[in-house]
Amino acid sequence: MQREAAGTLPGPRARYLVIQLARFGDLIQTKRLLVSLMACGEVHLLVDRSLTALARLAFPGVRVHGISAHGTHGPAILGLVHDDLQELQAHQFHRIYNLNYSGLNFALASLFPVDQVRGYRLAHGQRVVDAWPAQVMRWTKVRTTRGLNLVDVWGLYADQPVEPERVNPAASAGGIGLGVVMAGQNARRSLPPRLLAPLVHAASKRIGHGPILFLGAGAERRAAAELRAALPGSLRGAVRDLVGKTSWADLFEVVGGLGLLLSPDTGTMHLAAHLGVPVMAFFLSSAWCHETGPYGTGHLVLQAMATCAPCLETGSCPNGVLCRNVFSEPGLLRYVSGQDVAQFPPHVAAMASTVDSLGVCFRPDAGIDPFMEERQSFRAAVARIAGIPGPAPCSVPLDESWIQERDWMLPQTLRGRANE
Amino acid sequence: MNEPMRRILIVLPMYGGSLPIGRYCGQALRILGHVVEYFEAPGFHSAFSALKTLRVGTDRLDYLENSLLQVVSQAVLAKVEAFAPDLVLAMAQAPLSRQALKRLQRDKVPTAMWFVEDHEVFPYWKAFAPLYDTFAVIQKGNFPACLSEVGQPNAFYLPLAADPSVHHPLSLSPLERRKYGSELSFVGAGYPNRRLAFRQLINYDLRIWGNDWDGEYLLTPFLQRNGQRIDTDEIVRIFNASTININLHSSVRPGTLIAGGDFVNPRTFELAACGAFQLVDRRTLLPELFTADELAVFDSMSGLLQAVEHYRANPEARAEIAARGRARVLAEHTYVHRMDTLMAHLQSLMPPKTGDPSWLEEIPSDLREDLDRLLAKLGLNPSASFQDVVCAVRGQGGRLGRLETAILFLDEWKKQYTPKRPEK
């Protein structure tokens with residue numbers, strides 16, 4: 001891998017801009033990159049205007065800028081964006097990390113000298129994807145045996161990424177109560193109230209005491225009412241329904257005080273990991289813990305392991321989302337409640353988070369992960385490409401089908417993250 | 001300009017005389033207010049050159065060259081898909097395969113070829129002409145009938161021209177006059193008729209510039225820079241520095257000094273646009289382009305020698321003819337004139353413009369002045385559609401300004417949040 005010569009690295013007061021135009025969860029998952037850059041200089045972060053308050057709460061040392069990227073601005077967006085860009089133009093950035101594969105990001109790249117942009121660039125009107133994100137996209141074409149957490153994907157853009165254990169505090173159960181997130185952005189990744197209720201019941205047994213706080217957006221109020229109705233009568237009194245009632249600051253405070261958060265793959269789940277609050281997540285359908293599981297040590301993901309998992313969220317499910325049924329298995333519910341389980345059910349695994357030298361990884365605490373060794377070989381290869389010490393490869397040979405002829409033959413590919 | 005603004009993709013050839021002409025056309029179309037992008041075929045030329053160094057069998061080389069040509073043609077199609085032009089204007093030798101042209105026909109993308117070659121010397125037009133919607137040519141005679149016979153009824157005469165922003169009078173320093181000047185000068189390739197003719201000029205202060213003169217021992221002392229190609233900027237200096245520029249049209253017919261053909265070469269217009277004096281051999285299409293007092297013409301070798309003797313001694317006559325020739329070019333024979341004619345001819349082939357300039361009314365008032373300046377900088381008229389502005393902004397190289405970035409951002413935002421395709 002080609003690395004930049006030390007002499008060309010920006011000085012200690014280098015100024016960086018990170019462009020993160022995606023949603024709540026993605027913003028929180030940018031943390032490793034932000035923390036790494038903050039160790040080297042002044043860090044600016046550009047986010048959708050609706051997320052500026054959240055970004056300032058999550059990353060107090062970062063200068064946050066907003067842009068009218070998403071929402072229903074109509075034609076007025078031209079004037080709004082023109083104003084938003086004035087603030088950015090006032091700064092001289094040494095490097096711009098443009099993180100999202102989106103037309104909006106490609107357009108924004110044109111404001112900066114092309115050789116200072118990393119990730120997604122616009123060179124003379126041509127969209128150009130750097131080698132690192134291009135490789136990551138290719139890796140995700142076979143998801144079962146591979147897996148690099150999104151926090152690490154973005155974190156490894158930095159020349160000197162911080163160690164994984166310095167990103168989030170280790171999960172510690174110092175708080176009180178159980179938080180329950182109703183639904184993720186993708187409905188198929190969430191559980192209906194009838195399946196979620198037994199999980200909530202079991203999780204409340206696990207922590208033993210405290211309130212049960214329902215969390216979510218306003219659109220989920222009905223689901224919250226149905227969930228409450230589906231809970232045993234003994235638990236209903238403990239429920240505090242905060243769905244649609246929390247500001248970003250409220251959410252920070254509430255989640256930060258929890259003893260456990262039960263959630264599908266959501267922004268609130270990443271927030272809990274950011275704050276060191278233990279997460280018990282349920283991942284099904286297209287959600288895959290090896291890609292977007294909660295970052296840091298001490299979290300658990302109940303990962304559906306149907307033969308078709310993980311699927312593509314853009315395609316319809318030919319099996320009626322059968323993978324969600326594993327979450328009502330008595331063995332799994334006993335495990336969630338903290339009891340000993342003689343026989344863990346098939347097609348699901350309880351994956352515990354830990355870190356290796358590359359980043360966060362998940363290993364089975366209960367159940368079977370048939371691809372663990374292949375994934376370790378993959379992670380060893382990724383570490384080599386990223387130019388950082390990695391886990392030792394295991395005896396299972398690495399699937400190298402992601403390597404293309406162009407990697408070998410054309411310039412600017414397979415140079416790892418310190419590319420171009 | 002009466003015609004609506006169009007988006008035009010110019011497919012340049014990989015090399016050769018029509019390459020600079022393609023660029024002059026693009027510049028002219030921009031002056032006329034159209035949005036122009038080029039398919040930069042010259043960038044692919046080195047790949048074809050590399051194939052020729054393989055030392056493999058001729059069948060294999062043929063196969064490889066054809067395969068590479070298909071890839072280049074696919075690249076043109078990809079560019080068409082991304083740019084969505086109202087017209088694809090191909091210059092002679094543009095790398096568009098028959099398959100690619102058929103695809104454009106199927107997709108109802110109007111195509112035009114400006115065939116700026118001699119159809120008798122380059123007969124390959126027969127296989128390609130029917131696949132273009134329009135075929136502009138620099139010859140008359142039986143050529144339109146021949147085109148009609150092979151299935152191209154929509155051919156029309158479009159003579160060559162000059163670009164006054166490139167070809168214009170220069171005020172040269174004494175040093176430049178010494179470097180580029182001579183009493184007689186010729187710039188061009190060493191075709192057989194030129195070799196024969198110029199042997200009779202060796203008693204003059206003669207300089208020959210250009211390539212393909214190898215093996216011509218008698219003229220070697222007059223050949224400049226060992227026959228290297230001369231770039232356009234230096235050619236214009238040579239035109240301006242020379243007392244008499246010889247403009248002898250090429251001929252490959254053995255033993256023929258003065259070809260007496262029909263079409264008028266680009267050098268005729270370029271020399272005139274420079275205000276340079278030229279002696280040009282008679283062409284049948286010349287009288288309808290220039291009058292007798294706008295160009296000095298010769299019919300034979302003896303006529304050339306007489307004209308040289310006459311004009312070398314008459315600087316006032318040279319200056320008057322050159323001035324009239326330049327005025328005629330500026331009035332009627334620039335690429336802007338040619339492209340105006342071409343676009344008028346093609347108007348019926350292109351779909352009606354559906355672009356809506358009403359987007360400009362929604363621009364905040366404090367941005368209108370900046371936007372007007374941007375439109376002027378991009379060479380767009382004030383009624384440009386949003387999508388045309390986006391294309392023009394995207395075509396700019398390097399780092400963009402705040403307003404340009406905001407325009408690209410709005411375009412992407414519309415794609416993301418508006419279900420229907422943006423207007424053209």
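In chain B of this predicted model, strand β5 (residues 134-137) is joined to β6(B) by 3 bridges, and the two strands run parallel; strands here are DSSP runs of E with at least two residues, and helices are DSSP runs of H or I with at least four, both numbered from the N terminus. Two strands are taken to pair if DSSP finds at least two bridges between them. One such bridge links V137(B) to its partner Y157(B) in β6(B). Both strands belong to an open sheet of 6 strands in chain B, which has the order β2-β1-β3-β4-β5-β6 and parallel pairing. The edges of this sheet are formed by β2 (35-39) and β6 (155-157) of chain B, each of which pairs on one side only, and from one strand to the next the twist averages 20°.

Residues are numbered from 1 along each chain as its sequence is written, while chains are lettered from A and ligands numbered from 1 in the order in which they are written. Because the model is predicted, local features need pLDDT of at least 70 and side-chain atom pairs count only at pLDDT 80 or more, whereas totals for chains, interfaces and linings use all residues.

Chain B is divided into domain 1 (7-161 + 335-349), domain 2 (174-332) and domain 3 (357-417), with bounds that come from an automatic or database domain assignment. The C-alpha centres of domain 2 of chain B and domain 3 of chain B lie 46 Å apart.

The packing of two helices of chain B was examined next. Two packed helices are described by the angle between their axes and the distance between the axes. Helix α1 (residues 18-31) and helix α13 (residues 335-346) of chain B pack at an angle of about 75°, with their axes 8 Å apart; axes are lines fitted to C-alpha atoms, for helices over the stretch in contact, and angles run from 0 to 180 degrees between N-to-C directions. The angle makes α1(B) roughly perpendicular to α13(B), a term that covers 65 to 115 degrees, while angles under 35 degrees count as roughly parallel, those over 145 as roughly antiparallel and the rest as oblique. On the side of α1(B), Y24(B), C25(B), A28(B), L29(B) and I31(B) meet Y335(B), V336(B), R338(B) and M339(B) of α13(B), where contact requires that the C-beta atoms of two residues, placed from the backbone, lie within 7 Å. The residues of this contact divide into 8 nonpolar, no polar and 1 charged; Ala, Val, Leu, Ile, Met, Phe, Trp, Tyr, Cys and Pro count as nonpolar, Asp, Glu, Lys and Arg as charged, and the others, Gly among them, as polar.

The contact between the chains takes 23 residues from chain B and 20 residues from chain A. Helix α16 (residues 402-417) of chain B gives the most to the side of chain B that touches chain A, with 13 residues. By class, that side of chain B has 12 nonpolar, 4 polar and 7 charged residues.

Two residues of chain B other than glycine have a positive phi, and both are found in loops. R55(B), with phi near 60°, is placed between α2 (42-51) and α3 (58-83) of chain B, and it counts as exposed because it has 6 C-beta neighbours inside 10 Å. D212(B), with phi near 65°, is placed between β8 (206-209) and α9 (232-241) of chain B, and its 14 C-beta neighbours inside 10 Å make it partly exposed. A residue is buried if 20 or more other C-beta atoms, placed from the backbone, lie within 10 Å of its own, exposed if 12 or fewer do, and partly exposed in between.

In chain A, strand β10 (residues 260-263) points L260(A) and L262(A) one way and L261(A) and S263(A) the other way, and all are buried. Strand β7 (residues 178-181) of chain A pairs with β10(A) in the parallel sense over 3 bridges, with L178(A) bridged to L260(A). On β11 (residues 279-283) of chain A, which also pairs with β10(A) in the parallel sense over 3 bridges, M280(A) is the bridge partner of L262(A). Helix α12 (residues 267-275) of chain A is largely enclosed by the rest of the structure, because 9 of its 9 residues are buried. Just after α12(A), G276(A) takes a positive phi of about 80°. The peptide bond from A309(A) to P310(A) is cis, with omega near -10°, and P310(A) lies in the loop between β12 (300-304) and α14 (330-336) of chain A.
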